[in-house]
Amino acid sequence: MNPAPHANTKTLIRAMRRTLCGNTALALLAAAQPLFAEDVQTAGSAAEDAKTLQQITVTAEKKAESELDVPISMTVVEATTLLNNGMSRLDDYYAQIPGLSMNERGAGRTTLVMRGISAGTELNPTVGIMIGDAPYGSSTTDYSISDLDPFDIDHIEVLRGPQGTLYGASSMGGLIKFVMADPDTGAFSGRVQSDLSDTQHGGSGYAARAAVNLPLSGDLAVRVSAFDRHDAGYVNDPLQGRKNVNDGDAHGGRISALWRVSDGFTLRASALTQDSSADASAKVDMLKNSYTPVFGPYDHARLPGTDTAQVKTRMYILQMDGNLGWADLTSISSYNKYSLIGPQDVTGTFGGLTGPIYGLPGLGVKIDNNNRTGKFSEELRLASPEDGRRLSWLGGAFFTHEHTVGFQRIEAVDRSTGADEGLGSMYDGTSPSTFEESAAFGNLTYKFTDAFDVQLGGRYSSVKQNFSNAYSGPLNGGDSSDSESASDHVGTYSFAPRYHINRDVMTYLRVASGYRAGGVNALLIEDQGKFPGQYKSDSLTSYEWGLKGDFADRTLTLDGALFYIDWSDIQLSEVSQDTGNSYFVNAGKAKSQGAEISLAWRLFPGLDILANAAYTDAVLTQDTPDGTYGKSGDRLPYSPKWSANLSADYTFPIGAGLDANVGGGVTWIGDRESGFTSSASAQRFALRAYTTGNLHAGIQSTHWNVDLYVKNLTDARGYLSATAQNATTGVSSYGLLLIQPRTFGVSATYTF
C-alpha cells in the first residue's frame, strides 16, 4: 500500500520559501517590472499582426486554451518547423526543450527524463506519453516509447512536473502529448514532402511523406497520410567489417475521420501504424571512465545479429464529443499495441560463464528480447461550459487494462559469426503480466475576481497487477515458476492559485503530486531470499512558481518557473553479483530543484529570436541501500545541471511572390552522470558537456517551399548515455550513445 502523497505545513512553507525568496525569483521579477509597465501603457493599442507573436492554443488541461493561461511550465513544439529542419526523431529536438533529457540504453529501450526525475535504469516510466487524449505505451515497461514521425502531428506539448491528477500513473516527472492533425471539412487539401540528407562519417538518408484531406460533405472529412524514411548510419563495426551499422528504416501511416453528426455532437476516429528498425545502436565503445576509443571514435564491436531493434506500433482512437447544454461530454476509447524484438550482446556480463557451464570458454553470449504490449483505455468526462461563470469544473472516470508478455533467452554463440553453438539455452524466461487502473478524477476552478482564481484537482486510483513467470536453464539453476499479484490505492492532487497581473501576464503557484506503480521482481532460484519479491510505488510532491505572458505590445513572450520536488521510495535497479540479473528495490529519497525560462521575441517584422535555459539540481538526499552505490548528495542520472538553446529566424520578401528564410541556432547541454553502479569497484561515467549548432535557409511561395539545413554544424561528438559492457562489475569498456554527426540536407514541400 502506498500512502497518499501529502505536504505538511512545514514542508510547504520551506519549499515556498526556497521558491519565492531565492535570488533567481527576485532577478526574474526585477527584470519583468519594466516590461509590466510598458505593457500597461500600451494595452489599449492594437499592434499589427506582422509585429506581434501569435497566441498558441493547447489542450494540456483537457480543454482548449492559450498556453499563457495554463498554470503549468510547458513547451510547445511545432511539427512543421521540425520537418523543415530535418528533425524527424526525438533525439533530434529533445535538447531544445528545457528540462528534458534522454537515456537510450540500446535494443529499443529509451528512458525520458524530465526535471531530473530518473534513477537511470527505470522499468516503469516517469514521463507519460499521450497521443491526443489517449495514453500510449505501457505503465510498467520502458520498451514502449515510440519515436513518432512528426508528419501528421500538428504540435507537441511538453508538460513539466507531475501530471498525475489529469493523466494518472507514470507522469510524475512530466508528460509529452502528441497532438495530431485533424481532418478539415472546409476544403480539399494536401501536402507532399521529400527530404535528402548526408551525414559526415556516415551514409545518406531520405524521407518521403504525403497527406491528403478529403471533405466528403460539409459535416464529414477524412485525412490520410503516409511516410517512408531511411535514417543514415554513422557507426562502424571493425570486427564485422561493416560500416554505418546503425542505419535504420521507418514507414507508416495514419487515417483519421471527423464527423459532425449534429450541432452538438462530433465523432473522431483514427488509426495509426508505424514500423521501424535499426541494424544497430549508435553506441561507440570507450575504455572505462575515459574518452579513449576502444577502436575508433565512430566504432563499436558487437556480436553479429545483436544490438538491433524492430519496433511495431499501432494506435486506434475513437473520440466522441457532445454538448449537453449544462455540460460538455467527452468519451475517448483507445487501443494500442507495441512490440519490440531487440537482441543484445551480453558477452561482457555472461561470457565468463560459458566455461563453467559448457566447458567451452571464450564463446560469445547474446540475449534475445521479445516484448509485446496491448493496452485498452477508456476515459469518460464531463466539463462545465466555458461561459464565464465563476465556478468551472471537470470530472471523469478512467479505466485501462494492459497485457504485456516478455520473453528472454540467453544462449552461447560463435563470436565471429553470431551463430548458435547448439548448446541449448543458458536461460529462458517468459513473463506475462497484466496492469489495470481504475480512477476517478476532478478539477475545480473558482474565480474570486476576474484576475484571481484557484484551481484544485484530485484523483483516486486503484491499481491491480498480476504477474507470472516461468524460467529454465542452468543460469536459473533449473526450472522454476511463480505467480504473484500486487495492488495499490493512490491519491494524487494539485493546487494552483493563479493571478492575472493584466490581460497578457499571469503568475501562478502550483503544488502537485504524482506516482508510478510498483511491481514484482522475477527472481532466479539463486537470488531468491536475497532480493524482495515486490517493490512498491514511489511518489513525489512538487512545488512550483511560474510567470508567463506577453510583453512590449505582444512582441515578447516570457515563460519562467522555479520548482522544488521531494521524491521518496525511489525505484532503483540492483544487479545480482551472483547471477547478473537485475532487480528493483525502493531506495530512499531524492530532491530536484531548479529553474526554467523560455523567451520568444519578435525583434521586428520577420525576425524572431527564441531562447530557453534550464537549471536542474537533482540529487539523492539519502544513501541507496546495499547493492547499489549512491550517496546522499550524488547527482541523479542523465540530467544536466545546465542546458540552454538560442535560435534566430528571419523571413523576408524577395519579389515575385516569394519569401526567403534564413536562421540558425545553438544548443548547449551540460555535463551529466551515468546511472548508479552495482559494484564498489565501479565508478559512474561522467558524460561531458557538448554544444551543437544548426543553420537553415529556404525559399517559399504560396504552394512550394524548399529548405536547406545543416545539423550539428561543428560536428561535435556529444554523448547521451553510457552503459557498462559488464553489468555486474562495470569494469569493462562502456558503450556511449553518440549524437548524429554533421548532417547536410534539403527538404522540399508542396502544399495544395
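This is a predicted model: local features need pLDDT of at least 70, side-chain atom pairs count only at pLDDT 80 or more; totals for chains, interfaces and linings use all residues.
How many aromatic pairs does the structure hold? There are 15 aromatic pairs here, where rings of Phe, Tyr and Trp (its six-membered ring) pair if their centres lie within 6.5 Å. Residues are numbered from 1 along each chain as its sequence is written, and side-chain values use heavy atoms, with hydrogens and water left out.

**Aromatic pairs**

- A pair of aromatic rings is described by the distance of the centres and the angle of the planes. Planes under 30 degrees apart count as stacked, over 60 as edge-to-face and the rest as tilted.
- Take Y427 and Y471: the ring centres are 6.2 Å apart and the planes sit at 20°, so this pair is stacked.
- Y427 belongs to strand 21 (residues 420–447) and Y471 to strand 22 (residues 452–472), so the pair ties together parts 44 residues apart in sequence. Strands (E, at least two residues) are DSSP runs, numbered from the N terminus.
- Both tyrosines are tucked away: Y427 is buried at 7% relative accessible area, and Y471 is buried at 3%. Buried means under 20% relative accessible area, exposed over 50%, and partly exposed in between (1.4 Å probe, protein chains only).
- W704 and Y750 have ring centres 4.9 Å apart and planes at 45°, so they make a tilted pair.
- W704 is in strand 38 (residues 704–711) and Y750 in strand 41 (residues 743–751), so this pair links parts 46 residues apart in sequence.
- W704 is partly exposed at 49% relative accessibility, and Y750 is partly exposed at 30%.
- W704 and Y750 also belong to one aromatic cluster with F188 and F752.

**Charges over rings**

- The charged end of K62 sits over the ring of Y167, 4.8 Å from its centre. The cut-offs: NZ of Lys or CZ of Arg is within 6 Å of the ring centre and within 35 degrees of the ring normal.
- R115 does likewise with F563, its charged end sitting over the ring 4.2 Å from the centre.

- Why does strand 9 (residues 174–180) count as largely enclosed by the rest of the structure? Seven of its seven residues are buried, so the rest of the structure largely encloses it.
- G174, I176, F178 and M180 point one way from strand 9, while L175, K177 and V179 point the other way, and all are buried.
- Strand 6 (residues 127–131) pairs with strand 9 in the parallel sense over five bridges; two strands pair if DSSP finds at least two bridges between them. In strand 9, K177 is the bridge partner of M130.
- Strand 8 (residues 153–160) pairs with strand 9 in the antiparallel sense over seven bridges. Here H155 has V179 of strand 9 as its bridge partner.

**Positive phi in loops**

- H201 is not a glycine, yet its phi is positive, near 65°. H201 is found in the loop between strand 10 (189–199) and strand 11 (204–215), and is partly exposed at 35% relative accessible area.
- R554 has a positive phi too, about 60°, although it is not a glycine. R554 lies in the loop between strand 27 (538–551) and strand 28 (556–568), and is partly exposed at 29% relative accessible area.

How values were computed
Helices (H or I, at least four residues) and strands (E, at least two) are DSSP runs, numbered from the N terminus.
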